[in-house]
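Take a walk through this protein, from its overall plan down to single residues.

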Amino acid sequence: MSMTLITTRNVPDRHRGFLASCMLEVVPGTYIAPRLNQGVRERIWNVMLEWAPLLPTDAGILMIWRQINVASGIGINTIGWPRIDLVEVDSLWLARHDLTQSDLGRLATDLVDGDELPLLPENDSH
């Protein structure tokens, strides 16, 4: 059994009511259970997956729990938001997302203009 946390964003009342019946809602949209076993956690997540088509486009659900059999020690499930890829690298979770056209344009402009962060403050006299 491990601590499990679920946080939601813009989900229908149906989702919130179900989660509140299984876990303690400590602040709006954030649910915790200090000792939730794997079977119950998986059943809760399966309900969230089953109801996923009911979510608005800007909604999302994030579930995290202690998972001792992985290097990071954290298990993560997401539906919808956040719209990023969570990747485990060297026992750390990293967030990876695609660059937009405006991101690429800004990077190209910075490269052409030669904008870089200085290694030392300009007034430093080393």
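The protein has 3 helices and 7 strands. Both kinds of element are DSSP runs, numbered from the N terminus: helices are H or I with at least four residues, strands are E with at least two. Along the sequence the pattern reads β-α-β-β-α-β-β-β-β-α. This is a predicted model, in which local features need pLDDT of at least 70 and side-chain atom pairs count only at pLDDT 80 or more, while totals for chains, interfaces and linings use all residues. Residues are numbered from 1 along each chain as its sequence is written, and side-chain values use heavy atoms, with hydrogens and water left out.

Of the 126 residues, 25% count as buried. Buried means under 20% relative accessible area, exposed means over 50%, and partly exposed lies in between (1.4 Å probe, protein chains only). The protein exposes about 8900 Å², an area from the Shrake-Rupley method with a 1.4 Å probe. Carbon and sulfur atoms supply 55% of that surface. A contact means heavy atoms within 4.5 Å. Among contacts with a separation of 6 or more, 49% join residues 24 or more positions apart.

Now find the sheet. Its 5 strands form an open sheet in the order β2-β3-β1-β4-β5, with antiparallel pairing. Two strands pair if DSSP finds at least two bridges between them. The edges are β2 (24-27) and β5 (74-80); each has a single partner strand, so one side of each lacks a neighbour in the sheet. On average, neighbouring strands are turned by 20 degrees against each other, direction ignored. Strand β4 (residues 60-66) pairs with β5 over 7 antiparallel bridges.

Next come the helices. Helix α1 packs on the sheet and touches β1, β2, β3 (30-36) and β4. The direction of α1 makes about 30 degrees with that of β3. Axes here are lines fitted to C-alpha atoms, for helices over the stretch in contact, and angles run from 0 to 180 degrees between N-to-C directions. Helix α2 (residues 38-50) lies across β1, β3, β4 and β5, at about 170 degrees to β4.

Finally, look at two residues. Is His-15 buried or exposed? His-15 is buried, with a relative accessible area of 0%. His-15 sits in helix α1 (residues 13-22). Leaving out residues up to four places away in sequence, His-15 touches Met-48, Trp-51, Leu-54, Leu-55 and Ile-61. Asn-10 lies in the loop between β1 (2-9) and α1. Asn-10 is partly exposed, at 43% relative accessibility. Asn-10 has a positive phi of about 55 degrees, although it is not a glycine.
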